[in-house]
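This report describes selected features of the structure shown below. Please keep the sequence and the model in view while reading.

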Amino acid sequence: MKYFENSKLAVAVRLGLAMGALAFSASVFAQDASGAQASQESGKKTEAATNDSPKDVKKLDQVVVTGSLIPISQIETATPTFTITSDDMKARGFSTVAEALQQSSFATGSVQGAQFSQGFTPGAQTLSLFGLPIGFTKYLIDGRPMGNFPALYNGSDSFNSISGIPADLVDHIDILPGGQSSLYGSDAIAGVINIVLKKNVDRPSIDYRYGWTSDGGGQSNRLSFADSFHWNKLNVVYGVQLEKQDAIWASQRSLSSHYFNGNPKSPAIAGRDYLVNSATGAGYLFEDPNNCANVAGQFNGGEGLRHRAGSGDYCGSFNSPGYRTMQDPSKTGNVYAHGTFDVTPDTQLYGDVLFNYSKTKWNSGAGYMWWGSAADFGHIYDPNLDDFVDLQHAFSPEEVGGYDRIATQQTEKSLMYTLGANGVWDQNWNWDLGFTHSQDHLDVSDYVRYADKIDAYFEKNVLGDYLGEDPYGFGYSSYAINYDAFYRPVSRADFDSFTGREVTHAKTYDNMLRFQLTNGSLFALPGGDAGIAIVAEGGNQGWDYQPSAQAEAGNLWGTGGVSGSGHRSRYALTTEFRAPLTTWLTIDASGRYDGYNVLGTTIAHGTYNLGFEIRPFDTLLLRGKYGTAFKAPNISDQFQGPSAGYLTGFPDYLNCGRLGFTPDTIDQCKPLQYGQAQIIASQSGNKDLQPITAKVWSYGFVWSPIERMKISVDYLHWDISNEVNTESASGLSLDEYRCDIGMYAMDSGTCTNAFAKIVRNPVTPDEKAKGLLGTIDTINTPKVNVSNEKVNALSAEFAYQLPTARFGTFGFNLSYSDVLKHEYQDYPGDDYVNYLTSPDWSQDFKTKVNGSVSWITPDDNWATTVYFNRLGATPNYEAQLLGEYDASRGARKYGAWITYNASIAYKGFKNIELSFLVNNVFNKMPPHDNTYLGTEVTPWNQFNYNIYGRTMYIEANYKF
C-alpha cells in the first residue's frame, strides 16, 4: 500500500478521478461504487474513526472501485474507468445527469431526445456509447441495476432513462467503456455507467439555482436540501430536490420557427393547411371562392394564399412549424435517503431509497394534428370537378385553443430501494446480503382524434351526402364537396367534439436478491494478497404497456402504437479472482453465468474476462483485457404484441417467378403489385429470441510523467453477433419463392415460416388463369437474431493539476474519443455497411473531444472554469439523401462544432457560495446546412445538435 500511495501514478490517477474542473474538492481517493459492498466499506471507515482496533485500521487501506468486486489498494485496474464528480458537473455547467453523460467524449452516437417531440419517448433521456445501440449500456445506481423505462425507445426497444436522477444528490459518476458482462451481466456490452449518490454530508445545506436562455424560454428553478444525522449507531444521509423547467417552443428560435429558407435552390414552402389534391395527377385544385380570406387569421395571422411550383395553389402558413416544443416543460421532485445501523462492530444493516416524481409535457405541432380524407375514405370522386380528390386540413392554434392546451402529458413515478446487511466473518471474509426493488409507473395522456367522430364531422360539414360509387367503376365514394365550408376554420366547440384525451398506462418492475462473499486477503503472493469475490443473484422483472381501450380497438385517427406485457425470472452466479503475481504483474479473471426463465423456457449464457496490469515502474501502468459480453433479449422484444402496421416495399418473388422472372431479373417484373409490392407489415415480440453475444477486448496505458499528471490511452474492440432485428420482409418473400420452385422442401421449417407470415388476398380469375397466387395482403415481420456489428474505438484522457504559491491552483482536463471502425450487417449474407462512409446509415460522430481549464485563487475564495465540447464532422442532409459523399453534388460533411461553457464561483462568505454559469457562451446554433429543402421544419440534425442556445444560471449554496 505504501508503494502505491507514494507513486506518481497513484497521485495522477487520484487526480484524474477526483479533480473537478473547478477543483472544489481535494478528495484523492476513488469513491465507493459497488452498492452493498460500498455501504460496508463506508460503515467500517466510520467505525475506524472511533475504534482504533487493528482490524478496523486495516479496512481503511481498501478502496472499492467500479470495475471490480474486490476491494483493492490500486485505484486504476485493467478496466478503464472515467469519473465525473459532482464538482465537475457544477463547474462545467451541466444542469442534469443526462447532460453530463451526453456531453462525455464516449457518447458519440446519435439519440432521440426532447427535440424529437414526434417520437415515442421525448420525455426521457439516454445516450449511445461509441455509436452502439442505447440498450447495450448497463446503468447502475450505487452499483445496483436501474429498472427499465416503461415506454419503448422508437416504439420498439427497452432502455434506461437517465432523466429523473437528482443532480444535486449525486456524488460522482463512473463510466467504464467496453464489455463488462462477466461482472455486471446482461446489457454491459458497450460499457457500464455507475451513478453514485451522496453517502456523506458534513453539514446541512440548501442550494437554489435559477436559469434562463438569452433567446427566450427554458427558464428553470431548482431547489435542493441535504443533511445527515447520527444517533447512537444509526447514520442517515437524506436529501430532496425540486425542479421546474419551462418549455422552449420552436417559435422562440429563428431556425425552427418557420419552414427552412436557407437553400437557394429550394426556398421555403408554406405548410399545406387547406389542400385539395387531384389523385389523377392534375396537381393542387384550388377551389376556395374567397382566396383564403376566411382563414387568414389562422396561425397568428400567418395563413394565406400560397403556391407550390409544379403543383398549384392552396392555403398555408410559413410559421406553422413554430407550434411545437423543442425542450419539454417539466416539474420534478426527488427524495433520497441512505442509512446504516451498526448492530455489532462486525455487522451492519443498511438501506437506500430513491423516489422520483415528474410531470412532463410536449407538443408535436400542427404537422401532427390534422385530418385527411384519404386515410378512411380513399380517393373521393367529386362530380362537379369530374375528378378524384384528396382533402387535407391542418388544425391551427386558434382552432385547438392553443397548442399548449392539447400537449401530451406524461406523469412518471419511480421508486428504487435496497435493504440489506453486511459484515465480517472470520476476519478476512466480508459478506453482504441485500434485496433491491425498483419500479417505474408511467401515464401518458395524449390528445387524440377519434376516427369515427372526426370523419363524421367532415362528412356532415364538408363532404355532404353520399352519392354512391364513382361512375368509372373504381369503387370510390362520390360526394359533392362544399369547398366554401372546407376553407373555413373549425370552431373550438367542433374541434372538441371529435377530440379528447386517452391515457396509456405502463409500468416496469425489477426485484433482485444478491449475496456477495469477498476476501481481499485470500493468500499471499509476491506482489501482495490475492483476492476473490463470489456473488449469487436471483430475482424477477416485468413489463406492462397498455394503451387505452379506444387505442386498442383502433378507434383513434392517425395514431398507432404498441402493447404488451410479460414477466420473467432470472438468476446469476459470478466469481472474480485477482492475483498480484509479482510487484509489477497482476492478473484478474472473472466469470459469470446468467439464466432467464421465460414462459417455461430457459435462456442462459456465460461470460468471462481475463485482464492484466503491468507496472514496470511506478509512473506507468500497462493494461489489457479480453473476454465476452452479452445482452439478454429485451423483455419487450419477447412480449410485445402486434404493432400497428407500417408500409414496406419488396418484390413478390413467388408471383414474379411464375411470370418468368428470377431474382436476378426481378426489376423487370410487372405490374408493380408484384414487382414492387407496397404492403402493410406488422411486427411483434418473439419469446424464442436468443442472447446477443459479443467478443470484447481492450488494451492501453496510464502514465504519470510528473506528479499530479495523468495520461491514459485505451483501444477498445467489439465483435457483436445475433443482434435483434425485424425479420426481413423481402427475405420471407424470397424464401416463399424458393419453396415454390422446390429449392426448399415444402415441409421444411423455412417454408412453414414463410407461408405462415405472408398472408395473401383471394386469387382473382385473371390471376388464376395465369397460374398466380393472390397479391400479398399483409406480412408479419417479428424480431429475430440476425444482425452483426463490429466497432473499434480509441479513448484518451489527460489530467494535470498545477499548484502555485503565488497564483493559486490551475487544473487541466482533456478527454478524447475516436471511432476507428464501425461496420454493421443487417441480415446474414448482406455485405457489411461501413457506418463511417455511409451517411444514409449513420450520422454518428466519429470523434468527440472535451476539456476544461480551471483556476482557484490562493485564498480559495474564487474559482473559475472554461469548458469546451468539440463534436466531430457529420454528414449534411444531401449526403444522407444520396448515401455517399460527393462534393460536386453538395454531399459533404459539416465541420467540427465547438461550444464553450464558463463558470465562476465565490466562497469568501462564511457559509454561502455563489456561482454564475454560462453554457454555450457564444450562443452557437447547429451547423448551417443549406442542402435542407424548403419543406423542412427541422433544418439541422436534431439527434446530434440542439438549438437551445446560450443558457445562464445563478446559484447560491448555503451551509448551516
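## Paired strands

Strand β7 and strand β8 (residues 234–245) pair in the antiparallel sense over 12 bridges. Strands are DSSP runs of E with at least two residues, helices are runs of H or I with at least four residues, and both are numbered from the N terminus; two strands pair if DSSP finds at least two bridges between them. Within this pairing, Ser228 stands opposite Val237 in β8. The two strands form a hairpin with 2 residues between them, and Asn232 in the turn has a positive phi of about 60°.

The model is predicted: local features need pLDDT of at least 70, side-chain atom pairs count only at pLDDT 80 or more, and totals for chains, interfaces and linings use all residues. Residues are numbered from 1 along each chain as its sequence is written, and side-chain values use heavy atoms, with hydrogens and water left out.

Strand β7 (residues 220–231) is also joined to strand β6 (residues 205–213), by 7 bridges, and these two run antiparallel. Here Tyr208 stands opposite Leu223 in β7. β6 and β7 form a hairpin with 6 residues between them, and Gly216 in its turn has a positive phi of about 100°. Arg209 lies over the face of Tyr953, at 4.1 Å from the ring centre. A charge sits over a ring if NZ of Lys or CZ of Arg is within 6 Å of the ring centre and within 35 degrees of the ring normal.

## Nonpolar cores

The largest nonpolar core has 47 residues, and those with the most contacts inside it are Leu101, Ile173 and Trp718. A nonpolar core is a set of buried Ala, Val, Leu, Ile, Met, Phe, Trp, Tyr and Cys residues joined through side-chain atoms within 4.5 Å. Buried means under 20% relative accessible area, exposed over 50%, and partly exposed in between (1.4 Å probe, protein chains only). The elements that give two or more residues to this core include α6 (97–102), β4 (170–177), β34 (709–726) and β37 (783–804). Helix α6 gives the most, with 4 residues. Apart from this core lies another, of 37 residues, among them Val295, Ala366, Leu391 and Phe486.

Trp718 touches, among others, Phe130, Leu132, Ile189, Val696, Lys790 and Val791, not counting residues up to four places away in sequence; contact means heavy atoms within 4.5 Å.

## Aromatic pairs

A search of the whole structure finds 55 aromatic pairs. Rings of Phe, Tyr and Trp (its six-membered ring) pair if their centres lie within 6.5 Å; planes under 30 degrees apart count as stacked, over 60 as edge-to-face and the rest as tilted. Phe94 and Tyr867 form an edge-to-face pair, at 5.4 Å centre to centre and 90° between the planes. Phe94 lies in the loop between α5 (86–91) and α6, and Tyr867 in strand β41 (residues 862–871), so the pair ties together parts that are 773 residues apart in sequence. Both Phe94 and Tyr867 are buried.

The pair of Phe286 and Tyr487 is edge-to-face because its ring centres are 5.7 Å apart and its planes are at 65°. Phe286, in the loop between β10 (274–278) and α8 (298–301), and Tyr487, in the loop between α12 (483–486) and α13 (492–497), are 201 residues apart. Phe286 counts as partly exposed at 22% relative accessibility, whereas Tyr487 counts as buried at 1%. One aromatic cluster is formed by Trp371, Phe395, Tyr447, Tyr457, Phe458, Phe495 and Phe498.

Gln410 is in strand β19 (residues 408–425) and is buried, with a relative accessible area of 3%. Its contacts, not counting residues up to four places away in sequence, include Phe149, Trp362, Leu442 and Val444.

Ser445 lies in strand β20 (residues 429–449) and counts as buried at 11% relative accessibility. Leaving aside neighbours within four places in sequence, Ser445 is in contact with Ala407, Thr408, Gln409, Arg501, Glu502 and Val503. Ser445 and Glu459 are 14 residues apart in sequence and 28 Å apart in space, C-alpha to C-alpha.
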